[in-house]
Amino acid sequence: MKLSLKVWRQQNAQSKGKMVTYPIDGIDGDMSFLEMMDVLNEQLNDKGEEPVVFDHDCREGICGSCSLQINGQPHGPDRLVTTCQLHMRTFNDGDEIVIEPFRAKAFPVIKDLMVDRSAFDRIQQAGGYVSVNTSGNTIDANATPIDKADADEAFYSAACIGCGACVAACKNASAMLFTAAKVSQYALLPQGQVEASTRVLNMVEQMDKEGFGNCTNTGACEIECPKGISLENIARMNREYLAASAKG
Amino acid sequence: MSTLDSKIPEGPLADKWTNYKNKINLVNPANKRNIDIIVVGTGLAGGSAAATLAELGYNVKTFCYQDSPRRAHSIAAQGGINASKNYQGDGDSDYRLFYDTVKGGDYRSREANVYRLAEVSGSIIDQCVAQGVPFAREYGGLLDNRSFGGVLVSRTFYAKGQTGQQLLLGAYSAMNRQINRGKIQAFNRHEMLDVVKVDGKARGIIARNLITGEIERHSAHAVVLASGGYGNVFFLSTNAMGSNVTAGWRAHRRGAYFANPCYTQIHPTCIPVSGDHQSKLTLMSESLRNDGRIWVPKNMEDAVAIREGKKKPTDLSEEERDYYLERRYPAFGNLVPRDVASRAAKECCDAGFGVNKTGEAVYLDFASAITRYGKEQALIQGNHNPTDQEVYDLGRDVIETKYGNLFQMYEKIVDQNPYKTPMMIYPAVHYTMGGLWVDYNLQTTVEGLYATGECNFSDHGANRLGASALMQGLADGYFVLPYTIGDYLSHDIRTGKIPTDTPEFEAAEKEVTDRIDKLMNAAGTHSVDYYHKILGKIMWNKCGMSRNATDLASAIEEISALRKDFWANVRVPGTADGLNQELEKAGRVADFLELGELFAKDALDRNESAGGHYREESVELDGPQKGEALRDDENYKYVSAWEYKGEPKDAVLHKEDLVFENIKLVTRSYK
């Protein structure tokens, strides 16, 4: 199929960016979106122009590197997939596709479609862990039975890949879903109880410091999340936060 | 001819590690604060090592090319992690895990290392649960297990089809705790481009800041490489796009021997190649072989009709299908080790029984598992006379709970519903058992330079069993390296900070910048990918699932010529003083072009079939094993450790003889 791509080009964080239109031909429905971008880059390369920069790595939907805003939607029109798992069969011959970086104050553009998501790392560093040394001298793994429903629920929260689609989807650029997923994982497990209060307070404080917006419960994050992380996580984090604040 | 000392401790196998730990030198906490360690790579091996070393009190610097340690490719591991917990009471033990691993590796790994791995495997599970890793559980609240290829017990712990992700996020969380304490400095979007040696010891690295393009000097008292495998030398593999051999290869050029480069794991269950545009291959977890049955049509006409789209797989009756693994290997059936399953698939397709348009695919069928589970569930629910639809619906739910994310991934890529029609699969390059040679301490032949995880060669022999990579990565990082590196560093407590304004750092930095200039100035006509794809084709056709002397000899020549062409005619657009993804790729492909040649040379030297390395010249001619791979213990019971001497084809071979004191070498039979 033949397509017209409108791609955001920006030399570096300091410079001003602009949309550039590239016609592209010979795209096969079995190609992933990033393989289509490879074709574009090979074309640019052949003309001696600089290829379009974008983040990608595993190309199987789990590393969370890829991060394109496609026709206004994080990871494009398909549901429950990352950009690398979005296939060109979702589009039609002659389509115009607008490709931008994830937009948020806390995600500054590095170059073209690549953004800096280190704010997410800093939120995790503020408390996204259980403070247990890695000596291996803990209790036996089966010493504490955990209700299967809780364990499964914790797993679903822990399945977040940290891609930032929730932030890009939110009109306030809020990172509540991302932060709540980690808070929830530990809140659901006995191992997370000891530090539950300090964890939620510290992570939320860091989230605010990074310049993410507030949550107004519109739910766009849940819809755009490639891993289907549920809004319930945000409700749970709010309860945890209230309880922790009340404790003082 | 060998000068390799594997430093295996004395004493009975089961006591070696304990005795060793009791005798090593320790570093007191005050002195640890004066010692710096560099860890390159932040996957399971690197992340766990960095966290543990920082907890112990060392100053750690980590380096990864990704934008966050959480994105290392360990994250993509699906199926699970082995541990000899024997929670199922099915006869598992440290010894049995050790035995299965050595046998699975076709008797080409080091006994003492593998036993230690089995011995610490249980602690990994305890540790991960304590960290809040949400493993799958049974209704009683205890941990669930499943079975993997090459073994007869259920010892694999898992978190759906995302075990690697959950374990990596566990290690990442442990790292984050130390970053927050200031004990780890994380250099993300940085790539290591050389090791710096001072007086023969590894004392630092040269790294490139991938955003600014700046070349940086970093010093340390020891350097740990945990940079993963080199499967991308094949261009198409299940590795991440950025996975590369550069850290390991640069170390090799500085004196670290490279061991068994030809041992590559071709994983049997991957989504087949669909066209020339393909940039990578996607694995379907081996755990699927617990419930999926592998088959091709029994009759050639059916295979042809299916390829032409005139018949569907579901049109074929049971009698018209060849469940070839169950037929050839009744004891292990669909759960034979990966190398055996891959070769069998290739043989079927080479014989013309392939089932997709390229002729390179076999079926992985869940229909009978859906029926079996459906009937079981109906009984549990008190429905003694269920309809076919009820059985299907109930069975489908069970399969969805177990493998839902994998089925979804398959459907997104192939655009077919695997609950209704069998999956199509074909082998793909997945893991490399070879890597930097290390002794029992995980130290390479360069003093102070360590290699852990997939980056080293030590534990998997010629073939890795499923769910053992995660085990090895975490064992090395959490429980082995922190002891062994301490013993080495105990001699460094008076050294003081290593300065970077020395001639050694200067020279290494100059070599790095000269090489970058050379790549930028080649100003040729072909892109980096152009060369990478040609290299991949040579590797796949001549160094792939089936190898012979003629092809290997020509591969060496072809790769050597391709490398010369690359340096003369590659084109890297843009500049080196900022973000330049083509330049990053160019440096990595340049190293693959050297490694590929050594790979072929190693495969040519090893005129036996062992694990993933199958030589057409070495096959059983008679007896019950007729047609199966033939190992040659008399002539090849050694580790090949290659010393760098300029051109890869001039590398010098050092042999480490493998001594088996606890396991009797027998033919590896899964029949």
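In the predicted model, the contact between the two chains takes 65 residues from chain A and 64 residues from chain B. On the side of chain A that touches chain B, the elements giving two or more residues are α1 (33-46), β6 (109-111), α2 (118-125), α3 (148-158) and α5 (176-187) of chain A. Of these, α1(A) gives the most, with six residues. By class, the residues on this side of chain A comprise 25 nonpolar, 22 polar and 18 charged.

Chain A itself has eight helices and seven strands. Its C-alpha atoms fill a box of roughly 60 × 35 × 35 Å along the principal axes. Of the 248 residues in chain A, 53% are buried. When contacts in chain A between residues at least 6 apart in sequence are considered, 70% join residues at least 24 apart.

Two domains are assigned in chain A, namely domain 1 (3-111) and domain 2 (118-247). The distance between their C-alpha centres is 29 Å. Across the boundary, 18 residues of domain 1 of chain A are in contact with 16 residues of domain 2 of chain A. The side of domain 1 of chain A that touches domain 2 of chain A consists of nine nonpolar, seven polar and two charged residues.

For chain B, the assignment gives three entries: domain 1 (13-263 + 433-492), domain 2 (269-428) and domain 3 (509-636). The centres of domain 1 of chain B and domain 2 of chain B, taken over C-alpha atoms, are separated by 33 Å. Contacts between these two domains involve 20 residues of domain 1 of chain B and 22 residues of domain 2 of chain B. On the side of domain 1 of chain B that touches domain 2 of chain B, five residues are nonpolar, 13 are polar and two are charged.

Chain B also contains an open sheet of five strands, in the order β5-β2-β1-β9-β17, with parallel pairing. The edges of the sheet are formed by β5 (184-187) and β17 (449-451) of chain B; each has a single partner strand, so one side of each is left without a neighbour in the sheet. From one strand to the next, the twist averages 20°. Strand β2 (residues 59-63) of chain B pairs with β5(B) in the parallel sense over four bridges, and B:K61 stands opposite B:Q185 in β5(B). Helix α13 (residues 469-489) of chain B packs on the sheet, where α13 touches β9 (222-225) and β17 of chain B. The direction of this helix makes about 155° with that of β9(B).

A further helix of chain B, α8 (residues 300-307), has B:D302, B:A303 and B:I306 as its buried residues. These residues lie on the same side of α8(B), because they cover an arc of only 100° around the axis. The spacing of such positions follows a general rule: an α-helix has 3.6 residues a turn, so residues three or four places apart point the same way. The buried residues of α8(B) pack against β12 (293-297) of chain B. On the other side of α8(B), B:M300 and B:E301 are exposed. Just after this helix, B:G309 takes a positive phi of about 80°.

Notes
Residues numbered from 1 in each chain as written. Chains lettered and ligands numbered in written order. Predicted model: local features only at pLDDT ≥ 70, side-chain atom pairs only at ≥ 80, totals over all residues. Buried ≥ 20, exposed ≤ 12 C-beta atoms within 10 Å, placed from the backbone. Contact = placed C-beta atoms within 7 Å. Arc of directions from axis to C-beta. Domains from an automatic or database assignment. Nonpolar A, V, L, I, M, F, W, Y, C, P; charged D, E, K, R; others polar. Pairing = 2+ DSSP bridges. Axes fitted to C-alpha atoms, helices over the stretch in contact; angles between N-to-C directions.
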